[in-house]
Amino acid sequence: MKLFLLSLILGFTLISCGGGAKKSENNDSTKTTDTTKQANTEEDTGKGDIANTTDNTSSDTETTMCFEAKGLTIVTTNFKIKGDQVTGTHYVRTPKSDTELYANFSFKGTKKGNTIDGMMTLIASNNLFGIGEPSKMSWVIKGDELVTPGKEDDIGGVQKKISCSEGTLFELKPQKSEVDDPFSGKYNLSGSINGKLKVKMYIETSKGDDPGTTAYKGWYYYESQGPDKKIQLKGVVPGAGIMDGEVKEFTNGKHSGSFMIPSATDLSQGLDCEWTDVAKSKALPVSLKLDSKM
């Protein structure tokens, strides 16, 4: 009987110990699972935050790119890129010509892949012609080159990537002129033809029909004949280029000669040109100084 009771008590003790061990193991496992789950959740969240931060940085960060084509005419393009939005400047200049020629543009557009499309606006030029006029522009970035599609052989058609120097401009403000309309003016001039024939001239200028040209109209007379013998003048002078402008004279309504006026002439500085006959077989020097501008 004692033996039976001893065995029974020993059995309950073993069962109690085994159940306790199993319960303890389950509790530890649950804690481990919860901890692992929590760790995985924190890891996933962390990865998500990093990814979001990277995307935001990519779209918000500004990058700059600068390109240049060298030669007699230098072409430079500077871009500031933020996401798919592009702003910048575009310069064309010929510093070694007799009269320094330049045109400065602002640019605003978008970038899709390696293609940049947008609008350029003329901000400043050596003659103020076309200020504020917009034009479409498109470039393709090919490696370290900026290419104008279909115009690779033109001046500045292919520009090489360069380092953006300190102080590089990526935005331009419109150039201000002394007059609202740089094409318009009224000028009184006096001087001589062939150094001997004293003349008085009056010229009115306005914007020509062709882009970048100035229309001239007015009259002149020989001092020896008096103002009653006015000879009418009419013609067009280019703003820039290698061709002179031809301002024709009309005597009694008939073409009787021409003044060949250099391109981009500034009448406020006077007028030095040539007078020719209708056949252009005879040429005489003309030198006039400004009397007054109205």
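A residue is called buried when its relative accessible area is under 20%, exposed when that area is over 50%, and partly exposed in between. In this predicted model, Cys 273 has a relative accessibility of 9% and therefore counts as buried.

The structure holds 1 disulfide. Cys 66 and Cys 164 form it, and their sulfur atoms lie 2.0 Å apart. A disulfide is a covalent bond between the sulfur atoms of two cysteines. The link of Cys 66 and Cys 164 is right-handed, with 115° about the S-S bond. It connects distant parts of the chain, as the two cysteines are 98 residues apart. Cys 66 belongs to strand 1, residues 62-69, while Cys 164 sits in the loop between strand 8 (158-162) and strand 9.

Within it, Gly 191 stands opposite Leu 288 of strand 16.

Glu 274 has Pro 285 in strand 16 as its bridge partner. Strands 15 and 16 form a hairpin, with 6 residues between them. In the turn of this hairpin, Lys 280 has a positive phi of about 55°.

Key. Residues numbered from 1 in each chain as written. Predicted model: local features only at pLDDT ≥ 70, side-chain atom pairs only at ≥ 80, totals over all residues. Heavy atoms only, no water. Pairing = 2+ DSSP bridges. Helix = DSSP H or I, 4+ residues; strand = E, 2+ residues; numbered from the N terminus. Disulfide = S-S within 2.5 Å. Buried < 20%, exposed > 50% of the residue type's maximum accessible area, 1.4 Å probe, protein only.
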